[in-house]
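This briefing is for a reader who is new to the structure below. Please look through the sequence and the model before reading on.

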Amino acid sequence: MSDKKEHWIKNPWIVGVVLLVFTPPLSGIWDFIKGIPYWTTLTTIWNWFVNCELKLWWILVYFFCMGLISAIKAEIQKKRYIPRTYLRFTALKYGNFKWKWTWAQDNLTKDIDISNLTPVCPNSDCNNNSIYESRTASKKDGRFTSYVKYHTCSICNKEFVVDGHDSMIRNIIEDRIRANTFVETTNELPEFARKS
Ligand SMILES: [Zn+2]
């Protein structure tokens with residue numbers, strides 16, 4: 001509600017029309033209170049507009065430009081909120097693990113990005129989607145040392161070695177979207193895409 005009101009005030013077209021409609025009767029009331037002939041105040045205002053350094057048409061041009069700018073802004077805003085089908089792609093299976101994520105929009109740039117990317121606990125009794133990286137173990141392989149990352153489920157406390165890692169899954173998600181081979185896994189759209 002308050003959002004709409006703010007929008008109304010900011011729209012120069014509506015403000016201009018309201019001013020045009022209400023100025024004559026208001027100036028008439030003012031004339032009546034002052035006990036001066038009707039139109040006196042309106043004529044004064046009009047003369048000020050015509051004779052003043054700031055010509056009336058400048059104001060009209062100003063309102064026209066402001067209207068044009070707000071129309072373009074509204075169009076850009078609309079484009080930013082088009083619900084994209086990939087926003088319903090929020091899970092995939094890689095190896096023995098299911099990965100889940102949400103979509104988030106940057107407030108400033110309006111860029112949409114993957115957020116809260118996490119492997120899901122494979123324990124079917126648990127189905128928890130927050131298993132966290134608990135430790136890294138090093139493994140000596142001749143001259144080389146490799147590292148294995150362990151994840152632990154915050155509910156069932158089981159420990160897992162997850163197939164794949166964040167940046168790798170992120171690439172797979174992006175590749176599938178680019179190739180249009182993703183499968184929608186939810187009907188829900190993220191909060192930012194539900195607007196308008
Ligand atoms: Zn679990």
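W99 touches A91, L92, Y94, L117, T118, P119, V120 and I169, leaving aside residues up to four places away in sequence; two residues are in contact if their C-beta atoms, placed from the backbone, lie within 7 Å. This is a predicted model, in which local features need pLDDT of at least 70, side-chain atom pairs count only at pLDDT 80 or more, and totals for chains, interfaces and linings use all residues. Residues are numbered from 1 along each chain as its sequence is written.

**Confidence**

- The chain has a mean pLDDT of 82, and 87% of its residues reach 70 or more; pLDDT is the predictor's confidence in each residue, from 0 to 100.
- Among the elements of the chain, the lowest mean pLDDT, 56, belongs to helix α1 (residues 2–10), and the highest, 93, to helix α5 (residues 166–178).
- Helices (H or I, at least four residues) and strands (E, at least two) are DSSP runs, numbered from the N terminus.

**W99 and the strand pair**

- W99 is found in strand β2.
- W99 counts as buried because 24 other C-beta atoms lie within 10 Å; the cut-offs are 20 or more for buried, 12 or fewer for exposed, and partly exposed in between, with C-beta atoms placed from the backbone.
- Strands β2 and β3 run antiparallel and are joined by six bridges; two strands pair if DSSP finds at least two bridges between them.
- P119 is the bridge partner of W99 in β3.
- The C-alpha atoms of W99 and L117 are separated by 7.0 Å, although the two residues are 18 residues apart along the chain.

**Positive phi angles**

- Most residues other than glycine have a negative phi.
- K110, which is not a glycine, has a positive phi of about 70°.
- K110 is found in the loop between β2 (97–105) and β3 (112–119), and the hairpin of these strands has six residues between them.
- K110 is partly exposed, because 13 other C-beta atoms lie within 10 Å.
- N116, also not a glycine, has a positive phi of about 55° and is found in strand β3.
- N116 is exposed, with 12 other C-beta atoms within 10 Å.

**Helix α5**

- The 13 residues of α5 should span 18 Å at 1.5 Å a residue, and its end C-alpha atoms are 18 Å apart, so the two values agree; the expected span of a helix is 1.5 Å times one less than its number of residues.
- Just after α5, N180 takes a positive phi of about 60°.
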